[in-house]
Amino acid sequence: MPFTMWRERIINWEVISMSEFKIVGKPIPRHDAWSKVTGDLKYADDFTMPGMLFAKVLRSKYPAAKIISIDTGKAEQLDGVRAVLTAKDVPHNETVTKFGQSTEVGKGFEGLYRVLAEKKVRFMGEAVALVAAETEEIAEEALDLIEVKYEPLTGVFDPLEAIKPGAYLVGESKSNIIGEFGCQQGDLEKGFAQADVIIEDTYKVPFVDHAYLEPEAGISWIDDYGILIIRVSTQVIEHFRDVADVLGLPHNKVRYIGTMMGGGFGGKEDITVETYLALLTWKTKKPVRLVYTREESILCHSKRHPLVMKYKVGAKKDGKLIALDADLISDAGAYPYLSPWVTLYATVNAAGPYCIPNVKVRAHCVLTNNTFTSANRGFGAPQPNFAYESIMDELSHKLNIDPLEIRRRNCLTTGKALATTGQVFKTYVALPEVAEKAWKALGESTECKKDEGRKIGRGLAIGLMSYGRMTFLHDSSRCYVRLESDGSILIRSGIPDLGGGQISLLCQIVAEELGVPTSRVKIYHSDTALTPLAGTTTATRQTYMSGNATLKAAREIRNRILNKAAEILNVNQDKLDLINEKVIVNYDPSQYVPLVKVIQVCNADGIELFCEAQFNAPSTMVPDLSNIRGMTFPDFTFGAQAVEIAVDTETGQVEILKLVTCYDVGKAINPLSVEGQMEGGSIYGMGYALTEEVIMEKGMTMTPSFAEYIIPTAADVPDVKAILVESGGGLGPYGAKGIGEPSCSIIAPAILNAIYDAVGVRIKSLPATPEKIIRALKSDYFRK
């Protein structure tokens, strides 16, 4: 089926010609830009209430231990303490974490966790008790008065050990394995037998923190109608249902108000402070505020999954891939949370954007007594991307084929199928176009003085990543649009804005469709009582999902306006356009009627100028997880990143000299926001490549602050050249694709490939620290 027909079956409207856009596609400053610059914007930590209490959390000092007893008596007697809660005070202490979806999937995807530790603790920093007090200092003092008797247990901290029979059991099940996934096609044995070259390697990636500037924060209270209200920094306001279930309340008795966020990157996809706030407010009937310290945030919130990835790849002499065998072991930490989902993503991404006839992928997700892992920007893609793009670079060197050329010979094109699942690409596949543009944009090579002690190298990586949720989640999003009598517009959407410009995006779409300036559009967002639910700001889904819902609502109102204007002007509706608050005859702009005049007539005729629309993503059934086949995601974003670096051969220090990021974004609804995502994603991935690692030793966090956990600063960041390819081939509004997470998923292998190009050592575990590079460069010295 031709692509356009296929898309129109999903999105039932015509695509506007790119040349006709008035507001979409323009680099318009976001509506919140000025308030952020001046510091006027209120984040979750900025909200206070009269008479509020301050909450603190008592956390386990052991990664694995039995809880023998908890004595809260002394803490409760401290002046100023209003509540001390333990697991026995939580109505439904054992619960599951969700994406916020209403669809029950089963098959182990709904990850169990406990609100407060009960009988035993599974990781260092696990919440054991809660305190609410009149001041923060009293709450901290109360924590010291809670007496917990532990019996330390051996625990298990290596997923390769945890997977063995007889290993220490982290949970209550008979195995630490919580998810198993596989993909297979062709004949692997036959494929490797036909290969001229076979490369086998093991790659490792570490725990990574989200490192958002705004830690977890929120405030809660009970309103005059007995509704429990939680104002919180979250990516998922649909968690109101989960909090209600923990307290045993009807869902309509809990209301979430989302705040603007100082970053999320997946770390605020799971519940953070909300359940603790709800429990303490419900107990005390008072407003309660809870803000994590930076150290607390690093200690106890989720991390990106470490993976051990064994790869074996076979190719012909001409570089054509013929077989791939991959075995992935993922460390879920102490509770499942979203680990099964992330591991499934990694499984589907394991073979990269390449045509490979014979493939086998096995993936296991394993509990340990480390800090739990869950969503992080890229959601299972950056890990295998590092492995397969490193091995592609090894292959290019072994066969003496240019890094760009070997990718060009193997990469997917429109109509080809993903090597893992067999999903056929019906939308435009921008490979190798993006790879060629990124590689070429590096330009002339930087010269390095001979006595400088540095060597220059270049690296390239390409990749794909889905946007939108897995199709068996039956995803949907809704948006409400109303045209006021004076021609101004009101939008209501449940969309959380992480700082990526999600809200401004919806305003631009409505302004485009209804012919008004964005300054005349007001949006209310992220309130479960007042805004239609739009689903999570995760999975790079909001441009696609809420963008389409908003376009659907706005276009319905547009059609009603044009229909009435056609009567007034006595011309066919298809000859009219909405521009600058006028309905004009497009072949003679001197003929027009003001928008407010049309609105007046519509109001008099009883024509509704509001619409709440729902967009439903294409859906499938849950696949056979032992051999996943067919569609699992609605579509993918394709990109390439290229770097030029300098390696100091005496210190191992790496400097990024040039960084190019090139993606097919379908249609850049706001180029400023898209470029911002591409630049920010590159820097996010740069830290993954060179410096960032949450070091754990037997479950203990050894990098508890930003003094030890090193993220790139402005001094480390090179000029980033962002190249936008606009194919118009995406499933989002006007052909847009998602870019938030894909933008960070392949920069790490590009940098490590450049290190190899510069000094001839291949680092196979992230991050590529100066110590690792020096040890590899001077391996003879260190062997002595």
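## Burial and overall dimensions

Of the 784 residues in the chain, 62% are buried, where buried denotes under 20% relative accessible area, exposed over 50%, and partly exposed the range in between (1.4 Å probe, protein chains only). The model is predicted: local features require pLDDT of at least 70 and side-chain atom pairs count only at pLDDT 80 or more, whereas totals for chains, interfaces and linings use all residues. Residues are numbered from 1 along each chain as its sequence is written, and side-chain values use heavy atoms, with hydrogens and water left out.

The C-alpha trace spans about 90 × 75 × 55 Å along its principal axes. Among contacts (heavy atoms within 4.5 Å) with a separation of 6 or more, 81% are between residues 24 or more positions apart. The accessible surface comes to about 29600 Å², and 50% of this area belongs to carbon and sulfur atoms; areas come from the Shrake-Rupley method with a 1.4 Å probe, and for residues only the protein chains shown count as cover.

The chain contains 20 helices and 30 strands, defined as DSSP runs (helices H or I, at least four residues; strands E, at least two) and numbered from the N terminus.

Strands β1 (53–59) and β7 (127–133) run antiparallel and are joined by 6 bridges, and V57 has L130 in β7 as its bridge partner. Axes are lines fitted to C-alpha atoms, for helices over the stretch in contact, and angles run from 0 to 180 degrees between N-to-C directions.

## The four-stranded sheet

A second open sheet, also of mixed pairing, has 4 strands in the order β18-β26-β27-β30. Strands β18 (454–467) and β30 (720–725) each have a single partner strand, so one side of each lacks a neighbour in the sheet. The twist averages 15 degrees from one strand to the next.

In β18, 11 of the 14 residues are buried. Strands β18 and β26 run antiparallel over 14 bridges, with Y467 partnered by D635 in β26. Strands β27 (654–664) and β30 pair in the parallel sense over 6 bridges, and L659 stands opposite V720 in β30. Helix α18 (747–759) lies across β18, β26 and β27, at about 155 degrees to β18.

Helix α16 (595–605) has L595, V598, I599 and C602 buried. These residues fall within an arc of 100 degrees when seen down the helix axis, so they line one face of α16; the arc is that of the directions from the axis to the C-beta atoms. Their cover includes α14 (502–514), α15 (542–569) and β24 (588–594). Just after α16, G606 takes a positive phi of about 75 degrees.

V674 lies in helix α17 (671–690) and counts as buried at 11% relative accessibility. Beyond its neighbours within four places in sequence, V674 is in contact with V665, A668, L724 and I739.

Note on methods:
Two strands pair if DSSP finds at least two bridges between them.
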